[in-house]
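Hi everyone, thanks for coming.

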Amino acid sequence: GRDPAGLEFQLRMFDVRVTHRGQEHRSTSSHAALAPPEALAASPSVLHGSVDECVDRLLAIRERYGINYLHLGGNLDAAAPIVARLAGR
């Protein structure tokens, strides 16, 4: 009986590989480590690329699925440049 417009959604990234300033930063969960590569390739919970590519992908995911919150894993070096670019968007 809840109003669907009032729902908020979170997406957790299970495999993050972000290239920033020539260095790759990773955060991979045990779920991603056990998943077949073809499942990861098709998953919206996988984020690979440069900071700009990752930001563009996250904005597209938000638009497509109506995601309100993102969990980018436990590696702050991977998440920080993405969060900085997404601030206020």
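Let's begin with D52 and R85, whose side chains meet in a salt bridge at 2.4 Å, N to O. By salt bridge I mean a side-chain nitrogen of Lys or Arg within 4 Å of a carboxyl oxygen of Asp or Glu. D52 lies in helix α3 (residues 51–65) and R85 in helix α4 (residues 76–86), so this pair ties together parts that are 33 residues apart in sequence. Helices here are DSSP runs of H or I with at least four residues, strands are runs of E with at least two, and both are numbered from the N terminus.

Before going on, a word on the source: this is a predicted model, where local features need pLDDT of at least 70 and side-chain atom pairs count only at pLDDT 80 or more, while totals for chains, interfaces and linings use all residues. Residues are numbered from 1 along each chain as its sequence is written, and side-chain values use heavy atoms, with hydrogens and water left out.

Back to our pair: D52 is partly exposed at 46% relative accessibility, and R85 is partly exposed at 40%. The scale is relative accessible area: under 20% is buried, over 50% is exposed, and partly exposed is in between, using a 1.4 Å probe and protein chains only.

How many salt bridges are there by this rule? The count comes to 3. Another one links R17 and D15, at 3.5 Å from N to O. Here R17 is partly exposed at 28%, whereas D15 is buried at 2%. E24 also forms a salt bridge, with R26, and their closest N and O atoms are 2.9 Å apart.

Strand β2 (residues 15–20) and strand β3 (residues 23–28) run antiparallel and are joined by 6 bridges; two strands pair if DSSP finds at least two bridges between them. Their hairpin has 2 residues between the strands, and R21 there takes a positive phi near 55°.

Finally, which residues line the largest pocket? They are L58, L59, R62, I67, N68, Y69, L70, L72, V83, L86 and R89. A pocket, on a 1 Å grid over the protein atoms alone, is an open set of points where a 1.4 Å probe fits, with protein on both sides within 12 Å along at least five of seven lines; lining residues have an atom within 4 Å of a point. Helix α3 gives the most to this lining, with 3 residues.
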